[in-house]
Amino acid sequence: GLRAVTEAERAAMSDLNRKREALKAEYYARQQQVASRKAIEDKVVAALQGRTTTASHGAKDLLSFVKGNAEMEDMAAKNFARFSALFGQETGSANDALLGYSSSCKGLQKLHSDLQNMLASVEVKRSEESVVAVEEACKKLTLQCQVLQTDLGVSRDKVDKALTAQEKAWNECQEAEAKDKGVASADSDPWIAALRFQAASKALETVEAAHGTDLKRIVAELKVMDAARLANMKSVLRSYADSRRSLLTKALQHAEELCLMVEKIEPDNDCVAFLLSAEVNEEELVTQPLTSVDAQGAISSSGIPVAPSAAGSLGVWIPDDAVRNCNKCQQGFGLMRRKHHCRRCGHVFCDKCSARTCVLPVSFGFGAQQQRVCDTCLELLQQGESSSPEALAAGG
């Protein structure tokens, strides 16, 4: 059965109640300190979570920026390579001006290609290394905060539970005192409960001492990590900006040079010069009126039309599409060997075999202008040959 409470125990209980009130006051004062400390911890953890998230995204954004600009510069280099091959069929002043344009495009192609190579080989690597370093540092800091919160949280929970157990023991002891009975078990003994509370409080102090400088160290490591990340970002962006500015400066010079080149294009003269080089005589394009069939020889006995404005003593005018080889050297016509008519006999020759000119007799209808003739006709004309059909046959 239960024994009666002695006077000594009653005196001890009275003393215990005084200590109980003192411990409760100490506990509540300590709880205020813990709440203040925990508020600081929560602010640090929240700030760390926010800053590590910013750092991780910032490092990845820098890598995306560098890769994106490397792709853009590569595309620009390819475009300028394509542009440099344009306008290759122009002639005259346009050709002279746009040869400079082609050279300008090649220069811009190299500038963009150099910048792309720098970004792809140097800055991408630096940005990738920064991403790895930042993510490792963020994981480390996050883990340290979790350990800190877990250790302190467990110790504080033990103190709270020890105080609750002590309160219960005190209450049960008071009930036993009121009934003049002893405590039912060791858990209901206020002395044992007090010892457990003191042990939990001491353990909390030990944990707090162990983590006393952790918050400061974590914040310091966060600052070092973020400063290194931002320094790398600044360096990468400055390098790109300087290279880009240099490229744009040179691109502006190319643009100014192109403006000067374009001014050299002569729209009204290029086509005229081309037609002259192709030996297109506008006067030949106008059909001269025929006075009579007999006098002008408009139709040959074979029914083939003769050349425009040709005199009646001329032979037939051989159409271009009816001839594949020079009438003299028999070389085949093509892109590099063009067809030319002898204005005397009407046959088709290459440039080499009809390179000379002379003034034909008035009866040919060309007036005093020099006309292209084949070598054979030139020799006959120089020998004073008449325009008889027999002589024509010799010329053809």
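Buried means under 20% relative accessible area, exposed means over 50%, and partly exposed lies in between, using a 1.4 Å probe and protein chains only. This is a predicted model, where local features need pLDDT of at least 70 and side-chain atom pairs count only at pLDDT 80 or more, while totals for chains, interfaces and linings use all residues. Residues are numbered from 1 along each chain as its sequence is written, and side-chain values use heavy atoms, with hydrogens and water left out.

Q: Why is His211 called buried?
A: His211 has a relative accessibility of 12%; buried means under 20%, so His211 counts as buried.

Q: Where is His211 placed?
A: Look in the loop between α3 (190-210) and α4 (214-263). Helices here are DSSP runs of H or I with at least four residues, strands are runs of E with at least two, and both are numbered from the N terminus.

Q: What makes His211 and Asp151 a polar contact?
A: Their side chains are joined at 2.9 Å. A polar contact is a pair of N or O atoms within 3.5 Å; within protein, one must be able to donate a hydrogen and the other to accept it, and residues adjacent in sequence count only if both atoms are side-chain atoms.

Q: Why is Gln116 called buried?
A: The relative accessible area of Gln116 is 17%; the cut-off is under 20%, so Gln116 is buried. Gln116 lies in helix α2 (residues 92-178).

Q: Which residues is Gln116 in contact with, leaving aside its neighbours within four places in sequence?
A: They are Ala70, Glu73 and Asp74, where contact means heavy atoms within 4.5 Å.
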